[in-house]
Amino acid sequence: MTVNADSVWNECLSFIKDNIKPQAYKTWFEPIKPVKLSGEALTIQVPSKFFYEWLEEHYIKLLRVALVRQLGNDAKLIYDVKMENNYSSNRPQIVKIPSSNRDPLKPQKVTVPLESNKRELRNPFVIPGLQKVKIESQLNPNYNFVNFIEGDSNRLARSAGMAVANKPGGTSFNPLLIYGGVGLGKTHLSHAIGVDIKDKYPDKTVLYISSEKFTQQFIDSVKSNTRNDFIHFYQMIDVLIIDDVQFLSGKAGTQDVFFHIFNHLHQNGKQVILTSDKAPVDMQDIEQRLLSRFKWGLSAELQAPDYETRISILQNKLYRDGVEMPEEIVEYIAKNIKSNVRELEGVIISMIAQASFNRREFSLELAKQIVDKFVKNTKKEVSIDYIQKEVSKYFDMDVATLQSKTRKRHIVQARQLAMFFAKRLTKTSLASIGNQIGQRDHATVLHACKTVDNLTETDKQFRKYVDDLTKKLTF
């Protein structure tokens with residue numbers, strides 16, 4: 001057999017594949033291309049400087065063993081690193097490094113193109129062309145720990161947040177993922193951590209950004225051929241806070257770039273804080289390698305506040321607004337608004353507005369009017385997970401059985417009802433509903449909805465199922 005770069009590298013890959021996990025092999029070795037074999041020196045092409053640095057830091061010993069097996073003790077490895085050049089066509093920068101352990105500073109000096117020292121880093125938050133990189137933290141100082149009321153529902157998340165603020169990047173809570181339903185304080189707490197860090201460590205670079213804005217910046221960087229500048233900008237951040245990370249779902253390119261940014265920050269002791277409306281295990285269409293990193297640190301849940309916490313939140317809100325309100329009114333609001341903090345504060349704002357604009361005194365009657373209207377006008381957030389749990393409970397089975405491939409009639413009907421209510425009560429696409437309820441396709445969901453409609457008209461018992469579940473899910 002002819003010995004060339006392809007044959008040598010394929011033999012190396014066979015050895016490497018047997019010695020690392022499949023996901024690591026797919027991520028770090030499949031993209032590599034053999035370029036040239038010259039004596040005992042094998043040249044391989046890697047997609048980026050970050051890729052080369054990762055191989056040198058984590059896999060150099062494995063590469064060394066694989067090459068020595070093929071080329072002998074004098075084997076050498078040369079990286080052909082693609083360095084993006086914005087001013088001309090992309091030209092690869094070849095970095096020659098012996099395939100053995102050595103001082104990590106030396107290869108960095110060799111591989112950095114001279115012009116990169118002159119090129120200014122672009123800041124996605126400012127107009128292109130400005131020379132000085134100035135980063136605005138985008139934190140809201142009104143969202144701080146002082147007005148984030150502690151209770152049993154949020155104690156773990158708040159305590160972890162304070163620990164991170166005292167020592168960003170220096171705790172085991174990295175990343176810190178804060179998750180919970182709508183209006184429970186995820187954004188408030190993430191801002192509070194950032195604000196506290198800025199107070200204690202003024203020199204640290206803190207950045208708060210929503211996942212939607214992060215995605216849009218990435219898209220803009222691809223369009224303007226400044227993807228590397230985008231990545232380098234985020235790699236400079238000391239504390240990165242990304243809100244609503246679940247919106248990265250289905251966005252493969254953004255997930256990929258965030259994966260590399262996350263790795264760089266984590267390895268360099270920088271702090272990452274994420275918020276989400278669901279736990280990592282419940283996130284859909286997020287790459288497994290990213291989900292595993294979300295689980296590296298601490299996932300802390302924010303739950304709906306209990307009665308005592310709701311009272312404290314209302315009293316704090318009134319105190320900050322300089323308003324006095326009778327205790328019985330505060331207690332009435334706390335007893336009747338249970339779902340989230342945002343609704344509690346909304347009722348107080350409505351009370352103050354009514355009293356100010358219509359010259360009405362605070363009274364229990366006024367509180368009842370506002371709470372009644374507010375509760376009626378507030379639709380409960382219904383998720384597909386919630387629908388599956390309620391339908392499973394109604395039919396006395398677990399969710400795994402509901403999602404299973406079995407064709408038993410009562411299980412099939414339960415599954416069809418779950419799909420029917422998911423289409424009716426959520427704005428989720430048919431494909432996504434099918435994916436979440438047992439990995440089915442959109443045609444199965446469509447068939448399920450038609451079947452439920454037909455059985456509701458022809459089967460009295462089945463119509464009772466639909467009526468009972470409608471009451472449970474829309475109460």
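Leaving out neighbours within four places in sequence, Arg 158 is in contact with Phe 145, Phe 148, Glu 150 and Leu 189, contact being heavy atoms within 4.5 Å. This arginine sits in helix α6 (residues 155-166); helices (H or I, at least four residues) and strands (E, at least two) are DSSP runs, numbered from the N terminus. Arg 158 counts as buried because its relative accessibility is 12%, where buried means under 20% relative accessible area, exposed over 50%, and partly exposed in between (1.4 Å probe, protein chains only).

A word on the model itself. It is a predicted one, so local features need pLDDT of at least 70 and side-chain atom pairs count only at pLDDT 80 or more, while totals for chains, interfaces and linings use all residues. Residues are numbered from 1 along each chain as its sequence is written, and side-chain values use heavy atoms, with hydrogens and water left out.

Now to the strands. Strand β8 (residues 271-276) is mostly covered, with six of its six residues buried. Gln 271, Ile 273 and Thr 275 point one way from β8, Val 272, Leu 274 and Ser 276 point the other way, and all are buried. On pairing, two strands count as paired if DSSP finds at least two bridges between them. Strand β5 (residues 176-180) runs parallel to β8, joined by four bridges, and Leu 176 stands opposite Ile 273. Strand β7 (residues 239-243) is also parallel to β8 and joined to it by four bridges, with Val 239 partnering Gln 271. To get from β7 to β8, the chain passes through helix α10 (residues 252-267), making a right-handed β-α-β crossover; right-handed here means that, with the strands pointing away from the viewer, the path from the first strand over the helix to the second runs clockwise.

Strand β7 is itself largely enclosed by the rest of the structure, because five of its five residues are buried. Strand β6 (residues 206-210) pairs with β7 in the parallel sense over five bridges, and Val 206 stands opposite Val 239.

Next come the cores. A nonpolar core is a set of buried Ala, Val, Leu, Ile, Met, Phe, Trp, Tyr and Cys residues joined through side-chain atoms within 4.5 Å. The largest has 59 residues, and Phe 29, Tyr 79, Tyr 234, Leu 240 and Phe 258 touch the most other members. Helix α1 (residues 5-17) gives the most to this core, seven residues. At least three residues come from each of domain 1 (5-81) and domain 2 (154-301), bounds taken from an automatic or database domain assignment. Another core, of 27 residues, lies apart from it and includes Ile 387, Phe 395, Ala 448 and Tyr 465.

As for cysteines, Cys 12 counts as buried because its relative accessibility is 1%, and Cys 449 does so at 7%. Zero disulfides turn up in a search of the whole structure, a disulfide being a pair of cysteine sulfur atoms within 2.5 Å.
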